[in-house]
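The points are grouped by topic and may be read alongside the sequence and the model.

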Number of protein chains: 2
Amino acid sequence: MKFIHTADWHLGKLVHGVYMTEDQRHFLEQFVELVAEEKPDAVIIAGDLYDRSVPPTDAVELLNEMLFNINVDLKIPIVAIGGNHDSAERLSFGSSWYEKSKFFLTGKLSNQLSPVHIHGVNFYLVPFAEPSYVKHLFEDESIHSHDDAMKRIVGEIEKQLNPNEPNVLVGHAFVLGGKTSDSERTLSVGGSGCVSAQHFEPFAYTALGHLHSPDALKHEKVRYSGSLLKYSFSEAKQEKSISIIEMKDNGEFDLRLRTIKPMKDMREIEGHLEELLDNQYYSKQNTEDYLKITLHDQGALIDPINKLRQVYPNVLHLERKLAIADMKKKSNFTSIKEEGKSEIELFTNFYEEMTTAEFNEEKRLLMVDMIEKVKKEESVK
Amino acid sequence: MKFIHTADWHLGKLVHGVYMTEDQRHFLEQFVELVAEEKPDAVIIAGDLYDRSVPPTDAVELLNEMLFNINVDLKIPIVAIGGNHDSAERLSFGSSWYEKSKFFLTGKLSNQLSPVHIHGVNFYLVPFAEPSYVKHLFEDESIHSHDDAMKRIVGEIEKQLNPNEPNVLVGHAFVLGGKTSDSERTLSVGGSGCVSAQHFEPFAYTALGHLHSPDALKHEKVRYSGSLLKYSFSEAKQEKSISIIEMKDNGEFDLRLRTIKPMKDMREIEGHLEELLDNQYYSKQNTEDYLKITLHDQGALIDPINKLRQVYPNVLHLERKLAIADMKKKSNFTSIKEEGKSEIELFTNFYEEMTTAEFNEEKRLLMVDMIEKVKKEESVK
């Protein structure tokens, strides 16, 4: 039985102010061709189909079209779950109808955890869910963390699991030890949000979404497929891939990776302005790529961004290599964890990093108030 | 061939700050029972399934559940179109899959106007579309108004229409002469937005949505079903109904109306505070209804709203009957059309009526600027 494992499509994503929908369409059209060529028994999408709960309408149309191509035109079953970026309820609309065409979509976790059977393999669909929701769902007061929640969910699955058949869990979670990048939204503020890989022991393969690198986790049977495209410069050096799994009846499997060339790559380049603007340098590159450029020049430069954009139209981020004297400022961000900052300091850093607005006294007081309320509620529990 | 004509469900609607979702669920559960009893060959929903392009998630879940009950559990075909409140693209997601279960959903107008055939009747689905979209769709520069657009659409349909079969148009439009109420969103600011009923001549029946009264239009073959529930006090005296049409092969039809009792009615009552709070008066009424109360008392009253809410918990609007001296103020609103006010005056009135915020100088200047720009663009054309 052969299936393709993919995840984290993030349709409708904005990267540094640029909508990626056109890039995503270009990529997915090739993906559909790859699927047509491979003729798998199923395509698995492990969450974060969209980048947000209310995606732009062209992302909605793109997802509809691509899934239709795979499921109806190519007649290949699809197994998909909601991720932390998807709206569980909005994604779920219509899923009861899709099943007739073997498109199995579970946007929202329910206590009905019966598997989807495809060519002898049982797929257990575990969409992303907050611990508080799982606690309520199973009326289990002992659930506080993502780890507690996953333990309980797998416990429920094990009640019905046939260990003599190949079982696959499809999930969207942050597995302990996984390597993160800048484009994954933190699952849990304060706590770790982590889930132990041990929970997935009963499964022949665990098809995960959430972390964007295909080798985010070094584990034989518990795997991230990685995201469709590079969605942040921290992923610039990753090689994105599509995982193709051929599973035997005893649960053993072969894994093969295939790559698709994106319309524009996402890369980092650095050097002196003059070097980067030299034809000798840029003629060997795809200058249309999305770029983060770090300039080595010291002192004032006249309008470097516009000069660079004449050669590299898709510069998304420009920065200067800091002299040692400037490094102190920068260290505010890099050493957050070590310094044990207060919540309000952490939030102030976050706000300043994420927005261009001033974090004024009014906003500060609002946050201080909110943090205190949350702490009070926690101490009551 | 028997079909049920309904429209304007407006799931997720807020009326005077109250979410109607619970009322809508109660009503639709009875509607599903009515459908089960009538066993029609199709259920037609002529637009405005949701109240807005991004409805609340419980409205999404409600629509999914009710349509599933009708279409999959009862195995009754559904024909539905998008209205001016729906998002054409969001509503359309998955429609290609639904067709397999005979759930025909057209959220967005396309130039593919082929009909849906159900038991000998041809249904032509014409979702709401802006004239500019229709102009672009048919590359027809002569389209400026809703009337132009509908004329063109029907013209396209006529190219393939078999006049010897019963043909039904399902549309969402404001037909000339139709009676409006306060809960329909204006289709066209400035122009009339009206469509002539004559365009629908080729059809044995035109199943319309948009106007909320079942007798909004006095026409034998072109009919509004009216909205699911009363959605404004201007509809308080309407009797909402479900239209059941039995169509013969020659296109003649019998029309029967059925009513469903809502969980809470929407009514207006008036009198002196003391009267309304008298047990003799209110004991004969359903005091749980949504009420608009007009008090006849003159002079100061101490906290009338809270006194009234102890008896009538769902008072949504309270007003005082104005003495003649106060009527002058009020006339600002009622005589807008006669006085020929400027755009900025009209907008100021609108803003003050719709919000509780002050229409300050900054906002005023912004609007003046915007109105001027629009006017300039118009004069360029």
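The model is predicted. Tyr98(A) and Phe103(A) are both buried. The sections below begin with the aromatic rings, continue with helix packing, and end with the strands.

**Aromatic rings**

- A pair of aromatic rings is described by how far apart the ring centres are and by the angle of the planes.
- Over all chains, 24 aromatic pairs are counted.
- One of the pairs joins Tyr98(A) and Phe103(A), with 4.8 Å centre to centre and 15° between the planes. This pair counts as stacked because its plane angle is under 30 degrees.
- A second pair, of Phe3(B) and Tyr205(B), is edge-to-face, with 5.7 Å centre to centre and 70° between the planes.
- Phe3(B) belongs to strand 1 (residues 2–6) of chain B and Tyr205(B) to strand 12 (residues 205–209) of chain B, so this pair ties together parts that are 202 residues apart in sequence.
- Both Phe3(B) and Tyr205(B) are buried.
- One aromatic cluster includes residues from chain A, among them Phe68(A), Phe93(A) and Trp97(A), as well as residues from chain B, among them Phe68(B), Trp97(B) and Tyr98(B). Tyr98(A) and Phe103(A) are also members of this cluster.

**Helix packing in chain A**

- Helix 1 (residues 21–38) of chain A packs against helix 2 (residues 57–73) of chain A at an angle of about 5°, and their axes are 10 Å apart.
- Helix 1 of chain A is therefore roughly parallel to helix 2 of chain A.
- In this contact, residues of helix 1 of chain A including Leu28(A), Phe31(A) and Val32(A) meet residues of helix 2 of chain A including Leu62(A), Met66(A) and Ile70(A).
- The contact of helix 1 of chain A with helix 2 of chain A comprises 8 nonpolar, 3 polar and 4 charged residues.

**Helix packing in chain B**

- In chain B, helix 1 (residues 21–38) and helix 2 (residues 57–73) pack at an angle of about 5°, with their axes 10 Å apart.
- Helix 1 of chain B is therefore roughly parallel to helix 2 of chain B.
- Among the residues making the contact are Thr21(B), Gln24(B) and Arg25(B) of helix 1 of chain B, and Asp58(B), Ala59(B) and Glu65(B) of helix 2 of chain B.

**Strand 14 of chain A and its partners**

- Strand 14 (residues 242–247) of chain A is largely enclosed by the rest of the structure, because 5 of its 6 residues are buried.
- Strand 1 (residues 2–6) of chain A pairs with strand 14 of chain A in the antiparallel sense over 4 bridges.
- Strand 15 (residues 253–258) of chain A also pairs with strand 14 of chain A in the antiparallel sense, over 6 bridges.
- Ile244(A) of strand 14 is the bridge partner of Ile4(A), and Arg256(A) in strand 15 of chain A is the bridge partner of Ile244(A).
- The hairpin of strand 14 and strand 15 of chain A has 5 residues between the strands, and Gly251(A) takes a positive phi near 90° there.

**A parallel sheet in chain B**

- In chain B, 3 strands form an open sheet in the order 16-17-18, with parallel pairing.
- Strand 16 (266–271) and strand 18 (315–320) of chain B are the edge strands, each pairing on one side only.
- Strand 16 of chain B is joined by 6 bridges to strand 17 (residues 290–295) of chain B, and Thr294(B) in strand 17 is the bridge partner of Glu270(B).
- Helix 9 (residues 304–311) of chain B lies across strand 17 and strand 18 of chain B, running at about 135° to strand 18.

Definitions and conventions
Residues are numbered from 1 along each chain as its sequence is written. Chains are lettered from A and ligands numbered from 1 in the order in which they are written. This is a predicted model: local features need pLDDT of at least 70, side-chain atom pairs count only at pLDDT 80 or more; totals for chains, interfaces and linings use all residues. Side-chain values use heavy atoms; hydrogens and water are left out. Rings of Phe, Tyr and Trp (its six-membered ring) pair if their centres lie within 6.5 Å; planes under 30 degrees apart count as stacked, over 60 as edge-to-face and the rest as tilted. Buried means under 20% relative accessible area, exposed over 50%, partly exposed in between (1.4 Å probe, protein chains only). Helices (H or I, at least four residues) and strands (E, at least two) are DSSP runs, numbered from the N terminus. Axes are lines fitted to C-alpha atoms, for helices over the stretch in contact, and angles run from 0 to 180 degrees between N-to-C directions. Angles under 35 degrees count as roughly parallel, over 145 as roughly antiparallel, 65 to 115 as roughly perpendicular and the rest as oblique. Contact means heavy atoms within 4.5 Å. Ala, Val, Leu, Ile, Met, Phe, Trp, Tyr, Cys and Pro count as nonpolar, Asp, Glu, Lys and Arg as charged, and the others, Gly among them, as polar. Two strands pair if DSSP finds at least two bridges between them.
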